[in-house]
Amino acid sequence: VQLQASGGGLVQAGGSLRLSCVASGTIFSIQTNGWYRQAPGKLRELVASISSGRSITYAGSVKGRFAIARDNAKNTVYLQMNSLKPEDTAVYYCRAQKGNSAYWGQGTQVTVSS
């Protein structure tokens, strides 16, 4: 499984961005897709995840502002980020869980200016 993330950028506080993660390769039986982020000097943390059964989990800090969605026809997972805050600044990574294996995409930088 290969994951290609895109959509990051520089945005002012209060703005929006949409991240995309396209999966290719042997993508059948992917159970869970997720978005994680890592700010400088901090550990990587879960932002949102969605299972093949559409069960969704959000970090408390983004609940109500971010939305994760999965388009199986396009093999793509999205992260819509609204009402962005400077503390959302981080490198965002997409992840896919398939059986006992986890796959990561390259990061995409999100910078929110105050």
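1. Start with L79. Beyond four places in sequence, L79 touches L17, R18, L19, W35, V47, A48, F66, A67, I68 and Y92. Keep in mind that this is a predicted model.

2. L79 also stands out in the largest nonpolar core. That core has 28 residues, and W35, V47, F66, L79, M81 and Y92 touch the most other members. Strand 1, strand 3 (17-24), strand 5 (45-51), strand 7, strand 8 (76-81), strand 9 (90-98) and strand 11 (108-113) each give two or more residues to this core. In soluble globular proteins, nonpolar side chains tend to be buried together.

3. Now R70. R70 sits in strand 7, which spans residues 66-71. R70 is buried, yet it makes no salt bridge. D71 is the nearest side chain of opposite charge, and it is 8.9 Å away. A salt bridge needs the charged atoms within 4 Å.

4. What lies 3.2 Å from a polar atom of the R70 side chain? The backbone oxygen of I30 does. Setting aside neighbours within four places in sequence, R70 is in contact with I30, Q31, T32, N33, I50, S51, S52, R54, T76 and V77.

5. Last, G7. G7 falls in the loop between strand 1 (2-6) and strand 2 (9-12). Is G7 buried, exposed or partly exposed? G7 is partly exposed, because its relative accessible area is 30%, and the buried class ends under 20% while the exposed class starts over 50%.

6. Neighbours within four places aside, they are L17, R18, L19 and T108. L43 is 36 residues from G7 in sequence and 22 Å from G7 in space, C-alpha to C-alpha.

How values were computed:
Residues numbered from 1 in each chain as written. Predicted model: local features only at pLDDT ≥ 70, side-chain atom pairs only at ≥ 80, totals over all residues. Heavy atoms only, no water. Helix = DSSP H or I, 4+ residues; strand = E, 2+ residues; numbered from the N terminus. Buried < 20%, exposed > 50% of the residue type's maximum accessible area, 1.4 Å probe, protein only. Contact = heavy atoms within 4.5 Å. Lys, Arg positive; Asp, Glu negative; His and termini not counted. Polar contact = N/O pair within 3.5 Å; in protein donor to acceptor, adjacent residues only side chain to side chain. Core = buried A, V, L, I, M, F, W, Y, C linked by side-chain atoms within 4.5 Å.
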